Amino acid sequence: MTDSEIEITADLVHDLLQEQHPDLAGLAIREVAGGWGNQMWRLGDELAVRMPRTQGAPDLLRKECRWLPVLAPRLPLPVPNPVRIGEPSARFPKPWAVMTWVPGEPLDHTSISRGDHAADTLAGFLTALHAEAPEDAPIMEDRGDHPKKCTDGFDHFFHAVVPDDLADDVRAVWDDAVAAPEWEGPPLWVHGDLHPANVVVSDGTLSGVIDFDAMFAGDPAWDLAAAWLLLPADAASPFFEAYAQADEGTIRRARGLAAMKSLFLMLMGQNGDRGLPGGKPTWGPAGRAALDRVLRDGSM
């Protein structure tokens, strides 16, 4: 999953800043735990350095740096915005970036206590984000399709982690999503990877959204799955009332995608508990809680 030939250290980050952005080199550098394709370092109080560490991460980082300045001004929650671009060099042969820091606690390390407020906040954020995308907006090969084209991925996660006593109910949710109609609207801007590690919480409610490297133009159902992945129990219905743009078919696709993503989070948590590379121990409980909400809060 990672490029083990390059050790990303605080000294390396400092040296790169000194070489390319010396006015920032005097700020304190602190490693931030977590991350997937990028290793992140806090830079002072208001900035962060994102250092790609997987094969596909550089292209995704460039995508973020291209499109986040376009999207950020209309979004009602803080999101990372590129401040400086680091170019590949002899010290580090990949692009890297200095981004604004989004304060808050990642949701996989905390909880939302103000469910109604969070539902309204998420609905407002996605209403603003889900505008028609331009023709040159990015697409993603591994996400964005109708659920019926994602059955291999679902089956993999399902057989790996689904609890036996929930298997029939989870399969029924997925089958319903597969049977739902296609998205017939124009491609909309979609975050594409809304799960508990990619949002932050302050004062018991959503306060920021991070990690836009999966953003694409397509079916908003991929984001609307967040009604179950992020919000506490019984908040999905008020969320969809506030969002007010999702028809029945879109909600059915979103619920199925939420089930699939919940199983993925559970698998990553299982891998983390086993000490496997890329595993995330905090994602397992978050995924199981989300799966329970998918099964409990299905009716709108």
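**A walk from loop to sheet to salt bridges**

D203 counts as exposed, because its relative accessibility is 66% (exposed means over 50% relative accessible area, buried under 20% and partly exposed in between, with a 1.4 Å probe and protein chains only). Before going on, please keep in mind that this is a predicted model, in which local features need pLDDT of at least 70 and side-chain atom pairs count only at pLDDT 80 or more, while totals for chains, interfaces and linings use all residues. Residues are numbered from 1 along each chain as its sequence is written, and side-chain values use heavy atoms, with hydrogens and water left out.

Let us stay with D203 for a moment. This residue sits in the loop between strand 8 (199-202) and strand 9 (205-209); helices (H or I, at least four residues) and strands (E, at least two) are DSSP runs, numbered from the N terminus. Although D203 is not a glycine, its phi is positive, at about 50 degrees. Most residues other than glycine have a negative phi. D234 also has a positive phi, of about 70 degrees, without being a glycine. Look for D234 in the loop between helix 7 (226-229) and helix 8 (236-243); with 48% relative accessibility, D234 counts as partly exposed.

Back at the strands, you can follow an open sheet of three in the order 6-8-9, with antiparallel pairing. Its edges are strand 6 (105-106) and strand 9, each of which pairs on one side only. Two strands pair if DSSP finds at least two bridges between them, and strands 8 and 9 share four, in the antiparallel sense. Within this part of the sheet, V201 stands opposite L206 in strand 9.

Now to the charged side chains. A salt bridge here is a side-chain nitrogen of Lys or Arg within 4 Å of a carboxyl oxygen of Asp or Glu, and the count by this rule is 15. In one of them, D23 meets R84, with the closest N and O atoms 2.6 Å apart. D23 lies in the loop between helix 1 (10-20) and strand 1 (29-32) and R84 in strand 4 (residues 82-86), so the pair ties together parts that are 61 residues apart in sequence. D23 is exposed at 53% relative accessibility, and R84 is partly exposed at 25%.

Another salt bridge joins E182 and K148 at 2.9 Å, N to O. This pair links E182, in the loop between helix 5 (167-179) and strand 7 (188-190), to K148, in the loop between helix 3 and helix 4, 34 residues apart. Finally, R50, E64 and D211 are linked in a network of salt bridges.
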